[in-house]
Amino acid sequence: MNPKPWRKPYRRVGSPYLWARIPASGGANRERSLGFTDTTSARDALSALNAAHQTLQYRALVHAVGDGCLTVGEFVTAHGRGALDELAIRLANPVIDVTEFIPAWHDAVRRSASLGTANKYLAQVRVLMPDGSPFLVSDFTRKRVSEFLATLSERLTATNRYRAALSSFAGFLVERDALQHNPVFDVKPAKESSPRTRHLARDEANALISAIEPFEARAMHALMCGTGMELCATVRLRHCDVLDRTDRMLHARGTKREHRDRELWVKEPWCWDIFAEWLCQNPGTPDAPVFRLGYEALTDALHRAIAVRGITDYRTHDWRHTFAVQARRDGWPDHLIASQLGHKNSAMIDRVYGRFQPKAADYAAVKLTIGQTVGPRLYVAQTPKAVSR
């Protein structure tokens with residue numbers, strides 16, 4: 001009796017299910033139960049297997065069915081959901097729990113960044129992979145990540161931060177051959193709103209800072225306004241970080257990256273006067289902190305001042321925007337503004353503050369400089385030489 005083609009189901013004596021000959025690894029066809037009793041479902045299953053066998057991407061899944069490593073029912077269910085890629089990953093890594101790699105990944109992030117950044121990444125990854133719950137490699141797919149970020153976007157606006165944390169962890173798994181491909185790369189980033197650039201003019205900033213009480217909070221806000229220093233670096237400032245009182249130079253201790261550890265210049269003289277007065281009133285040892293106020297007290301002082309001045313929607317972090325906008329309008333080069341803010345390069349300065357161009361007076365100064373450098377000969381037409389006859 002000739003063997004039946006694998007594309008046609010047939011019945012075996014003593015079995016209620018239909019059978020077929022399925023291609024297996026090595027080129028042989030093996031008899032396998034289809035798990036269906038009706039001919040229509042059996043033919044549909046074989047049609048799906050035949051279509052998958054015609055492609056190199058899913059041929060290994062058909063061979064897994066022929067070898068008995070995968071049932072026809074599992075294949076048909078995954079084919080119906082469009083999840084053959086997830087099924088292939090699960091077969092390649094059937095028992096790997098990626099949550100076991102999280103502690104090692106967290107330590108690696110701490111070595112390349114700060115403890116605060118590593119802890120934020122850890123908390124964001126734990127939202128998808130809770131502690132104590134297994135998360136297999138087969139679950140770490142593009143579809144799962146996309147659905148997770150879509151769910152987050154319903155209640156959060158900055159979902160790309162979670163995407164960055166998951167991408168970092170997936171890249172760590174790829175480096176250790178626990179994952180073949182970073183699935184986060186296939187997830188399109190969410191389009192976020194334009195960067196916040198709330199800022200104040202000089203007179204507005206001066207009036208607001210003058211209304212801040214107590215004086216220690218006023219000195220901290222004046223320092224952030226005059227340097228663009230972030231709040232965490234301001235709180236960590238020590239007396240030894242005041243490098244030169246004549247040139248108004250400070251040392252900012254970085255909290256995230258190496259470029260965050262930098263030297264700053266207090267741009268506004270009136271900001272320096274307030275800060276210098278605080279230093280005179282509160283001297284200390286070189287290792288002593290310059291300020292004692294915490295984040296809540298500093299924020300409350302600002303909220304009381306903006307209520308008095310009638311200013312709305314202004315935060316402590318907006319002093320960085322105020323500094324950057326004023327510096328750009330004063331004609332500062334982008335790389336110098338980036339250095340003051342602690343950015344790695346000037347790309348973000350151009351993207352966020354590119355629309356804040358210098359004033360007309362700055363253009364006049366530039367034209368004057370060009371005229372002094374080049375000289376009047378630039379605008380003198382050259383008289384053609386006489387042609388000798």
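The buried residues of helix H1 (residues 39-53) are covered by elements that include strand S2 (18-23), helix H2 (59-67) and helix H3 (72-81), where helices (H or I, at least four residues) and strands (E, at least two) are DSSP runs numbered from the N terminus. This is a predicted model, in which local features need pLDDT of at least 70 and side-chain atom pairs count only at pLDDT 80 or more, while totals for chains, interfaces and linings use all residues. Residues are numbered from 1 along each chain as its sequence is written, and side-chain values use heavy atoms, with hydrogens and water left out.

In H1, the buried residues are Ala42, Ala45, Leu46, Ala48, Leu49, Ala52 and His53; buried means under 20% relative accessible area, exposed over 50%, and partly exposed in between (1.4 Å probe, protein chains only). Seen down the axis of H1, these buried residues fall within an arc of 155 degrees, so they line one face of the helix, the arc being that of the directions from the helix axis to the C-beta atoms. Thr40 and Asp44, on the other side of H1, are exposed.

The spans of two helices can be set beside their expected values, the expected span being 1.5 Å times one less than the number of residues.

| Helix | Residues | End-to-end C-alpha distance | Expected span |
|---|---|---|---|
| H14 (318-329) | 12 residues | 17 Å | 16 Å |

Of the 12 residues of H14, 11 are buried, so this helix is largely enclosed by the rest of the structure. Its buried residues pack against H9, H10, S6, H13, helix H15 (334-341) and helix H16 (347-353), contact meaning heavy atoms within 4.5 Å. After H14 comes glycine 331, whose phi is positive, near 90 degrees.

Strand S6 (residues 262-265) runs antiparallel to strand S5 (residues 249-252), and 4 bridges join them; two strands pair if DSSP finds at least two bridges between them. Histidine 251 stands opposite glutamate 263 in S6.
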